[in-house]
Amino acid sequence: MNITYKDTHDFTAEQLKDLFLSVDWSSGHYPEKLATAMKNFETVYSAWDGEKLVGMICAMDDGVMTAYVHYLLIRPEYQGKAIGRRLVEMIKEKYADYLRIVCIAYDTELSFYENCGFKKSEVSSPMFITSLWT
């Protein structure tokens, strides 16, 4: 396994569908919307095993102060191989001069994000209006 990392916004709908559904994320049922969304994110870093998309991280930002990590996902068979950690490091490097990098973590993934330097808020909670089920 030779993982390479890319800074690209161009993915096929099928690549995105396969990646998102591999982790049971309902947004994978909307691959055309995902392909459009990737083009609109400020930052998209992806991990590849040859021609296979195995992971990605996406962020939005205000240009100077705050960046929001919206997606971080790794195919299950590639988890535990430091791919997610490397993608987070790439985001931290890009936004090193920002005052805040924010993410919403599933409770089962809190320890991963804490190991990457994030801290759980004691004073705020994420809120959603959504039609997605995961």
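The following legends describe close-up views of a predicted model.

**View 1. The aromatic cluster and the pair Phe20–Trp25.** Nine aromatic pairs are found when the whole structure is searched. In one of them, Phe20 and Trp25, the ring centres lie 5.9 Å apart and the planes meet at 65 degrees; because planes over 60 degrees apart count as edge-to-face, the pair is assigned to that class. Phe20 and Trp25 are both buried. Together with Phe41, Tyr71 and Tyr106, these two residues form one aromatic cluster.

**View 2. The aromatic pair Tyr113–Phe118.** A pair of aromatic rings is described by the distance of the centres and the angle of the planes. For Tyr113 and Phe118 the centres are 5.7 Å apart and the planes stand at 80 degrees, so this pair is edge-to-face. Tyr113 has a relative accessible area of 11% and is buried; Phe118, with a value of 16%, is buried as well.

**View 3. Lys6 over the ring of Trp48.** Lys6 is positioned over the face of Trp48, at a distance of 4.4 Å from the ring centre.

View 4. Ser27 belongs to the loop between helix H1 (13-22) and helix H2 (31-40). Its relative accessibility is 8%, and Ser27 therefore counts as buried, the limit being under 20%. Leu132 is found in the segment after helix H4 (110-115) and is partly exposed, with a relative accessible area of 35%.

**View 5. Backbone at Asp24 and Ala82.** Asp24 is not a glycine, yet has a positive phi of about 60 degrees. This residue lies in the loop between H1 and H2 and is exposed, with a relative accessible area of 59%. Ala82, likewise a residue other than glycine, has a positive phi near 70 degrees. Ala82 is located in the loop between strand E4 (66-74) and helix H3 (83-94).

**View 6. The salt bridge Asp10–Lys39.** The structure holds five salt bridges. One of these joins the side chains of Asp10 and Lys39, with an N to O distance of 3.1 Å. Asp10 lies in the loop between strand E1 (3-7) and H1, whereas Lys39 is in helix H2, so the pair ties together parts that are 29 residues apart in sequence. Asp10 is exposed at a relative accessible area of 54%, and Lys39 is partly exposed at 48%.

**View 7. The salt bridges Glu42–Lys94 and Arg86–Glu93.** The side chains of Glu42 and Lys94 meet in a salt bridge with an N to O distance of 4.0 Å. This pair links distant parts of the chain, 52 residues apart: Glu42 is in the loop between H2 and strand E2 (43-49), and Lys94 is in helix H3. Both partners are partly exposed, Glu42 with a relative accessible area of 45% and Lys94 with 36%. Arg86 forms a salt bridge with Glu93, and their closest N and O atoms are 3.3 Å apart. Arg86 counts as partly exposed, at 33% relative accessibility.

**View 8. Lys120 in the segment after H4.** Lys120 is partly exposed, with a relative accessible area of 49%. Not counting residues up to four places away in sequence, Lys120 touches Leu110 and Glu114. The C-alpha atoms of Lys120 and Asp61 are separated by 20 Å, and the two residues are 59 residues apart along the chain.

Conventions. Residues are numbered from 1 along each chain as its sequence is written. Side-chain values use heavy atoms; hydrogens and water are left out. Rings of Phe, Tyr and Trp (its six-membered ring) pair if their centres lie within 6.5 Å; planes under 30 degrees apart count as stacked, over 60 as edge-to-face and the rest as tilted. Buried means under 20% relative accessible area, exposed over 50%, partly exposed in between (1.4 Å probe, protein chains only). A charge sits over a ring if NZ of Lys or CZ of Arg is within 6 Å of the ring centre and within 35 degrees of the ring normal. Helices (H or I, at least four residues) and strands (E, at least two) are DSSP runs, numbered from the N terminus. Contact means heavy atoms within 4.5 Å.
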